[in-house]
Amino acid sequence: MTELGIFFRPLRTQDDYAKCVDLQQETWGAGFGECVPPSILLVTQKMGGVAAGAFDAEDRLLGFVFGLSGVRDGRPAHWSDMLAVTKDAQGHGLGIQLKAYQRELLLENGIEVAYWTYDPLEARNAHININRLGARPTEYVPDMYGESTSPVHSGLTTDRFVVEWQLDDPRVEDILAADASVDDALTMDAPVVNTEYDEGAPQPRELELPEADEVQVEVPWEIQSVKQASMDSARIWRATTQRAFLHYLGDGYEVTGFRRDLAVQRCFYVLTR
């Protein structure tokens, strides 16, 4: 239990599972075709997976995390498939707390690595995954899930980063214990390889892809706002970042950081050879 009276526990009852389905539809839309039904939430738990929630003092579901456990590259592993927080509970770090609780459950079951995906253009998710959890993007997959039925994902291909989270890494332990990020203080001279700017306004266009020990790939501060303003601009962001990530990751670079410039609301992945 947290100081605010929020409890973290596995989903247990049919009412818990039904509330989880409701939250999926609230998050990704009523027509969300990838909604996980109660039966799969329950069966997943029987096989070492995670279907857990954050509940308030009135037993109201505030958020959930769901994932499957299995074997990857010859060792036990977990695929964290979904995480969502109710709108009125967002902005308080509850998603990070749910991931930390998930980590505890997995370590208790002898699982030391977890994977999941996220859209590389979602800067907030990048910040949380890299700076607040200590996970690392390891693979870029174009249009991984095909056409999505969720309005949140509509209009763009479902390109995804696969991230790897080493649950027993002392660095991850330190990052979670710090309860803060250090990215905002970072400054870099590494070249930005996918965007140019005119009078402070972003105008993404194709650039040369230079060879350097470190490079930066810029993503929009808020991709959903870009989509609302201009879907053409959002598609340009997708195309230029896809080109950069596929080139550099295919050439032996690794994603080693994510930094945000709060003053001008710009954010960048850092890739190191």
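Predicted model: local features only at pLDDT ≥ 70, side-chain atom pairs only at ≥ 80, totals over all residues.
Residues are numbered from 1 along each chain as its sequence is written, and side-chain values use heavy atoms, with hydrogens and water left out.

Let's start with charge. Side chains of opposite charge can pair when their charged atoms come close. The count here comes to 12 salt bridges, each a side-chain nitrogen of Lys or Arg within 4 Å of a carboxyl oxygen of Asp or Glu. In one of them, D59 meets R9 at 3.2 Å, N to O. D59 sits in the loop between strand 2 (50–55) and strand 3, and R9 in strand 1 (residues 7–10), so the pair ties together parts 50 residues apart in sequence. Strands are DSSP runs of E, at least two residues, and helices are runs of H or I, at least four, numbered from the N terminus. R9 is buried at 12% relative accessibility, whereas D59 is partly exposed at 34%. Buried means under 20% relative accessible area, exposed over 50%, and partly exposed in between (1.4 Å probe, protein chains only). D16 joins R9 and D59 in a network of salt bridges.

R235 and D232 pair up too, with their closest N and O atoms 3.6 Å apart. They're three residues apart in helix 7 (residues 231–250), which means about one helical turn separates them.

Now for the buried residues. F66, in strand 3 (residues 61–72), is buried at 3%. N194 is buried at 1%, and its side chain reaches the backbone nitrogen of E218 at 2.8 Å.

Definitions and conventions. Polar contact = N/O pair within 3.5 Å; in protein donor to acceptor, adjacent residues only side chain to side chain.
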